[in-house]
Amino acid sequence: MTDETLPTRPERVARRERGRRSGLLFAQDVLVVVVIALLVAFLVKTFVVRSFYIPSGSMENTLQINDKILVNELQPSLFPLSRGDVVVFRDPGGWLPKSPPVVRNPLAQAADTALTFVGLSASDSDDHLVKRLIGLPGDHVVCCDAAGRITVNGTAIHEPYIVVPPGQKDAATLAFDVTVPKGRIWVMGDNRYDSQDSSRNQALPGRGFVPLDHVVGRASVISWPVSRWTWLDDYPDVFRGVEEKKE
């Protein structure tokens with residue numbers, strides 16, 4: 001049996017001080033990691049990828065109401081868009097009705113603001129639209145030919161992704177014959193008879209065209225719900241025979 005020497009009061013104070021400093025250093029390290037993680041998430045959201053939810057059925061059956069999608073913001077900022085891409089863009093003006101203010105309790109609002117900040121939520125989804133890109137700058141887009149198909153630069157396209165009601169054959173509700181101006185695109189919803197797209201907004205000052213600087217990015221994947229997780233197809237075969245036109 002050995003005698004244990006009890007620590008003196010100064011030793012006990014020193015131990016407590018070392019423990020307190022260790023706890024403060026650990027908390028400081030955790031705070032730095034959290035701040036860096038938030039900063040990285042913010043930078044990713046701002047420059048690389050964002051999340052949006054789908055509030056309407058205008059892109060059925062490709063996208064369903066309340067689907068969440070991830071949007072690649074490097075297109076068109078760094079990489080060009082292609083015909084067939086599903087794109088998210090800000091309202092060019094008058095395409096969407098005014099949304100009533102959403103009343104939330106302070107806790108829910110704070111949580112949504114924080115998630116939006118890091119790109120995991122999209123409180124501004126109702127101010128954006130998602131459609132499929134049909135015409136690039138310089139393209140001559142017409143609806144419709146005798147078979148009800150859209151033509152791009154004189155080539156009729158067969159669109160397997162669209163929804164057309166029984167008894168209808170045209171791939172749009174309104175006729176159009178347009179040449180897409182420089183810096184603009186022509187977009188349409190896959191649910192052609194229930195979509196506020198370029199064809200439905202020809203009477204507005206923008207004549208249905210979407211400025212490229214309004215495009216947030218290309219939707220690349222359905223991220224939620226898990227049962228619908230999939231990459232979004234841009235159907236390159238649909239547009240393979242379309243000849244390029246100069247702007």
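**Stop 1: a cluster of rings**

Start by selecting Phe-176, Trp-186 and Phe-209: ring pairs link them into a cluster. Keep in mind as you click around that this is a predicted model.

Tyr-161 is in the loop between strand 7 and strand 8, while Tyr-235 is in the segment after strand 12 (230-231), so the pair ties together parts that are 74 residues apart in sequence. Show the surface and compare the two partners: Tyr-161 is buried at 5% relative accessibility, whereas Tyr-235 is partly exposed at 25%.

Next, pick Trp-229 and Trp-231. Here the centres are 5.8 Å apart and the planes are at 75 degrees, so this pair is edge-to-face. Trp-231 has 59% relative accessibility, so it counts as exposed.

**Stop 2: a buried glutamate**

Go back to the loop between strand 7 and strand 8 and select Glu-159, which has its place there. Is Glu-159 buried or exposed? With a relative accessible area of 6%, Glu-159 is buried. Leaving out residues up to four places away in sequence, Glu-159 touches Ile-134, Ile-150, Ala-171, Arg-192 and Val-238.

**Stop 3**

Now switch to a cartoon view and find the open sheet of four strands, in the order 7-6-5-8, with antiparallel pairing. At its edges are strand 7 (155-156) and strand 8 (176-179), each pairing on one side only. What holds strands together in a sheet? Strands of a sheet pair through backbone hydrogen bonds, and the pairing can be parallel or antiparallel.

For a closer look, select strand 5 (residues 140-143) together with strand 8. The two run antiparallel and are joined by four bridges. Click on Val-142, and then on Asp-177, its bridge partner in strand 8.

A disulfide joins the two, with an S to S distance of 1.7 Å. How many disulfides are there? The count comes to one. Cys-143 is buried, at 7% relative accessible area, but Cys-144 is partly exposed, at 24%.

**Stop 3: the nonpolar cores**

Which residues have the most contacts inside the largest nonpolar core? Select Ile-134, Val-141, Ile-150, Phe-176 and Trp-186: those are the ones, in a core of 18 residues. Strand 5, strand 6 (150-152), strand 8 and strand 9 each supply at least two residues of this core. Zoom in on Val-141 and show what surrounds it. Not counting residues up to four places away in sequence, its contacts include Ile-134, Ile-150, Phe-176 and Trp-186.

Apart from this core lies another, of 13 residues; select Leu-63, Ile-69, Val-71 and Leu-232, which are among them.

**Stop 4: a mostly covered strand**

Select strand 3 (residues 86-90). Four of its five residues are buried, so most of the strand is covered. Strand 3 pairs with strand 4 (residues 128-135) in the antiparallel sense over five bridges. Val-86 has Arg-132 as its bridge partner in strand 4. Strand 3 also runs antiparallel to strand 11 (residues 215-224), with three bridges joining them. There, Phe-89 has Val-215 as its bridge partner.

**Last stop: a hidden serine**

Finish with Ser-198, in the loop between strand 9 (184-188) and strand 10 (210-211). Its relative accessible area is 0%, so it counts as buried. The side chain of Ser-198 reaches the backbone nitrogen of Val-187 at 2.9 Å. Setting aside neighbours within four places in sequence, Ser-198 is in contact with Trp-95, Ile-185, Trp-186, Val-187 and Gly-208. That brings you back to Trp-186, part of the ring cluster where the tour began.

Notes:
Residues numbered from 1 in each chain as written. Predicted model: local features only at pLDDT ≥ 70, side-chain atom pairs only at ≥ 80, totals over all residues. Heavy atoms only, no water. Disulfide = S-S within 2.5 Å. Buried < 20%, exposed > 50% of the residue type's maximum accessible area, 1.4 Å probe, protein only. Contact = heavy atoms within 4.5 Å. Polar contact = N/O pair within 3.5 Å; in protein donor to acceptor, adjacent residues only side chain to side chain. Pairing = 2+ DSSP bridges. Core = buried A, V, L, I, M, F, W, Y, C linked by side-chain atoms within 4.5 Å. Phe/Tyr/Trp six-rings, centres within 6.5 Å; stacked < 30°, edge-to-face > 60°.
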